[in-house]
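Subject: Structure handover

Hi,

Here is the structure I promised to pass on. Please open it alongside this note. My findings follow below.

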Amino acid sequence: MSKRLANLFAPPSKEEINACWDLCRLNNHMGCWTTWIPTAWALAMVYHAQPEIPGSVALLWAAKYLVLCSGIKSLIMAIDDILDHDIDAMVSRTKGRAIPRGSISLERAWMFFGIQVVLGVFLAQALLDPVSCRFAAAAAPLFIIYPTCKRWMYFAPVVLGLMFTVGVFMGWSTLSRTKEMPYEMLVPIYIGGCFWVWTYETIYQHMDKNDDVKIGIRSSALLCGQYTIPVCFSTAIAFFGLLTYGGYLNGHSYPFFAGVLLAAGLLLSKLLRTDIDRPADCRDFFLQTPLIGQILVGGFVADAVIGRISNGIAL
């Protein structure tokens, strides 16, 4: 027992340090973008709705959330690899991950995750307001639930969407001077963001569908099957529609709507060209996700900036 504890708390080897890097996906920024972008939408919306907020303050919070979202992404990726290590070992795309390849033990991976949790809680309490902390705490159990979803249901992207899009509420609460939450505007955007996650995650899951069938894993890709493209086309339309509705309620104008049209054109055209039986096509569609979100952020920001300039309000 004492030897086991000594091994557990021993200094990490170089291989384990590299394994922790892999667990956090520090060479891949996709998870950071997909959690930060909904938060950035909200920050830009507050900046537009409340002219007394200086642009420097909004930019500072955008930068702070970029750091926080990078940490959130690392937490999600680490717990996903820990809870899915047995499945990862049976899937060709994931069998080379840190735990299946033996670069770090399961116990040491759990300890690393615990350290991340402690650091994450400290940063959240130090940087965020109480309302934003409550939203973060409400989403935290989903970090544990999501990796288990494919074992017992076909709707894992729904849980992922609920988790990834919570930044819509956090961003508004953090920057708003009034601290009033306009749920009639934010909830449609939140639901729309969940539709967006369903769209890109379902296409992404087609990359592993053959392994999923062999292992007996459930996925939205297997649920939708040959109807994946029309289903995802519908969820993408729902996403853009709800986002547009929320932007309209916040008083956004032509630059924002132009951003929505551009993003919708890129996503839908790419979707219609995607062959779900070709993993490379599915990967390419998924990798376009940050660009879609960034275009929408640009539309929100451009609209807010142009609105302030045209009304003689300081940036």
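Thr165 is buried, because its relative accessible area is 2% and the cut-off for buried is under 20%. Bear in mind that this is a predicted model.

Thr165 lies in the loop that joins α8 (156–164) to α9 (167–175). Its side chain reaches the backbone oxygen of Gly161, at 2.8 Å. Neighbours within four places in sequence aside, Thr165 is in contact with Pro38, Ile189, Tyr190, Gly193, Cys194 and Val197.

Thr274 sits in the loop between α14 (254–272) and α15 (279–287). Thr274 is buried too, with a relative accessible area of 8%. The side chain of Thr274 reaches the backbone oxygen of Lys270, and the distance is 2.7 Å. Again leaving out neighbours within four places in sequence, the contacts of Thr274 are Ile203, Ile229, Asp281, Cys282 and Phe285.

Now the cavity search. Across the whole structure, one cavity of 30 Å³ or more turns up. The largest cavity holds about 30 Å³ of space. What lines the largest cavity? The residues are Trp196, Tyr200, Leu267, Phe285, Gln288, Thr289 and Ile292.

By class, the lining has five nonpolar residues and two polar ones.

Best wishes

Terms used: Residues are numbered from 1 along each chain as its sequence is written. This is a predicted model: local features need pLDDT of at least 70, side-chain atom pairs count only at pLDDT 80 or more; totals for chains, interfaces and linings use all residues. Side-chain values use heavy atoms; hydrogens and water are left out. Helices (H or I, at least four residues) and strands (E, at least two) are DSSP runs, numbered from the N terminus. Buried means under 20% relative accessible area, exposed over 50%, partly exposed in between (1.4 Å probe, protein chains only). A polar contact is a pair of N or O atoms within 3.5 Å; within protein, one must be able to donate a hydrogen and the other to accept it, and residues adjacent in sequence count only if both atoms are side-chain atoms. Contact means heavy atoms within 4.5 Å. On a 1 Å grid over the protein atoms alone, a cavity is a set of points where a 1.4 Å probe fits but cannot get out, and a pocket is an open set with protein on both sides within 12 Å along at least five of seven lines; lining residues have an atom within 4 Å of a point. Grid points are joined across faces, edges and corners, and a volume is the space filled by probe spheres set on the points. Ala, Val, Leu, Ile, Met, Phe, Trp, Tyr, Cys and Pro count as nonpolar, Asp, Glu, Lys and Arg as charged, and the others, Gly among them, as polar.
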